[in-house]
Amino acid sequence: MAKKILSKEEVLHLAKLANIILTEDEVVLYQTQLSNIIGYVEKLNSITTENIEPVAQLTELINVSRDDETSDEQSLSQNEALQNTQATKEGYIKVKAVFDE
Amino acid sequence: MNNAMELNYLSIKEALNGLKSKAFSAVELTQACLKQIKLWDKKIGAFLTVDEDQALKSAKKTDALIHESTDIFDAKPLLGIPMGVKDLFSTIDLKTTAGSKIIEDYVPPFDATVIRKYKDAGAIVLGKTNEDAWGHGSSGENSDFGPTRNPYNLERVPGGSSSGSGAAVASGECLFATGTDTGSSVRLPAAFCNLVGLKPTYGRVSRYGVIAMASSFDTIGHMTHTVYDNAKVLEITAGNDPLDATSSPLGVPKYISSLGEQIKGLRIGIPREYFVEGIDLRIKDLTMKAVGVLEKLGAEVKQISLPHTDVAMACYYILVPAEVSSNLARFDGIRYGGLREMFGAEAKRRIMLGTYTLSSGYYDAYYLKAAKVRRLIKEDFENAFSSVDVIIAPSSPTLPFKIGEKANDPLQMYLSDIFLCPINIAGVPSLNVPCGFIEGLPVGMQIIGPHFKEELLYKVGYKFEQETEFYKMKPKL
């Protein structure tokens, strides 16, 4: 069975989708490693799955809901929510500008 | 008279008896564990964070409570028991890193549900244990903070991803520890470290507050020296949680009450697909010897088939990285943590693999296909359980391997989970129990049961353990 090798462009495309920056060496490394793994998982093509329902929820729970109310137990104060944020200003999270001036 | 050096190797049951009878204090017990950590952890690398001050504070409070009345043990069944917490579990005001440099300074503003349950039960958190970063790994070598070593042989891996937890309990640094099991991560370290390790049924224990790896696979487990201890801990952690919509609404049995029940007529299934080429023949023999012990105790053994075993790994390595890539998207370096470039090699690999199989044009061929194969694998187990009560299989095809031996071949590393992953695909519960030693290295076997039948696993495990007593072995540190 011909093994598909991911191209550099494909790896870079994946990195972009995943918002990860790769070094030159990493691109080459992942080309091989990902291709090997993808080659391996293509084993699944040998299994017939016509009319098989995919598994979405393992233990068959349906419509688990709660009342639409806030709870102190599940809420964080503004300080708690920001306590691990590097860049804040006046209680807001600072991010890079999206729009140019 | 209790030598302080021995208190840290007590079982939970023995420790509770000792605390109740005031043979020693909670402070002495905690100090014995802290002392062991100071003596050995530089070599073993089981703990990332040790919270000595808080642990001793809690121990002092515990002694005050016990002094008032020993009735407190009814309300707090794990009172005074020192434990390790895998660093994947959110612990309020205590650094939680998931074994990754990305959140190396992250301090959660809340406790995971199970942590709250452990604290309410009176357990004493000694600190956070090392792990393969984000749960990605089967050896303990993928931690961004250095590998953990197997206390039974420091040149070898303790198994992962709950590597620190396994090594910590085995080396007497704590009496029990938490773990998560998504594809191996409680059972493999338990097997490699001579411990009883539970992967509960998916949804049996709340996942709230535990950093997510693969949301339809993650289970919240724990490792102990004995089956009794393990059952007692599950009584604390199991149960519905309104904060986890996937947690089961089923009531929680008194797991320790089934211990000691006879196993005459119990039907054990041995899956033929688990005893094929690639498994260390000595492990095969040891496992069959263990099954022989159960037969002598009255069980009936028959061969069964789990026909889709050979595609389970492929199924796993499509679904899990896909869910991983989704769960790790939240680490954006904005609200918390560092930049995504800081992800280690294994995390990056899984994120990209997941991104690939979920991306437009590939979703049907990979993710959807795997989700269908998942149903077939799940049905394999359900069908098997119509003719047997439990399934027994080795936990690992190999002995604990040498550190570095598999590091360069990710696919080789993935295959060490070949007996473990199918269980997570199906969501069934599995208990690793020690079943012997080869070359001085621990070997474990899995007792696998139908969904939500943990009491059955404990019943079988207990009978086996009482007959063989492998928990009495300790590493020669």
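Biologist: How many residues of chain B are in contact with chain A, and with how many residues there?

Modeller: Contact means heavy atoms within 4.5 Å. Here 58 residues of chain B are in contact with 46 residues of chain A. Please keep in mind that this is a predicted model, where local features need pLDDT of at least 70 and side-chain atom pairs pLDDT 80 or more, while totals for chains, interfaces and linings use all residues. Residues are numbered from 1 along each chain, chains are lettered from A in the order written, and side-chain values use heavy atoms, without hydrogens and water.

Biologist: What area do chain B and chain A bury between them?

Modeller: The size of an interface is often given as the accessible area lost when the parts come together. Buried area is that loss, taken with a 1.4 Å probe and summed over both parts. Chain B and chain A bury about 4700 Å², with 68% of it on carbon and sulfur atoms.

Biologist: How many salt bridges does the rule find across the interface?

Modeller: A salt bridge is a side-chain nitrogen of Lys or Arg within 4 Å of a carboxyl oxygen of Asp or Glu. The rule finds 2 between chain B and chain A. One salt bridge joins Lys378(B) and Glu60(A), at 3.1 Å from N to O.

Biologist: Which helix of chain B gives the most to the side that touches chain A?

Modeller: Helices are DSSP runs (H or I, at least four residues), numbered from the N terminus. Among the elements giving two or more residues to that side are helix 11, helix 12 and helix 13 (364-384) of chain B. Helix 13 gives the most, with 11 residues.

Methods: Buried area is the accessible area (1.4 Å probe) that two parts lose on being put together, summed over both.
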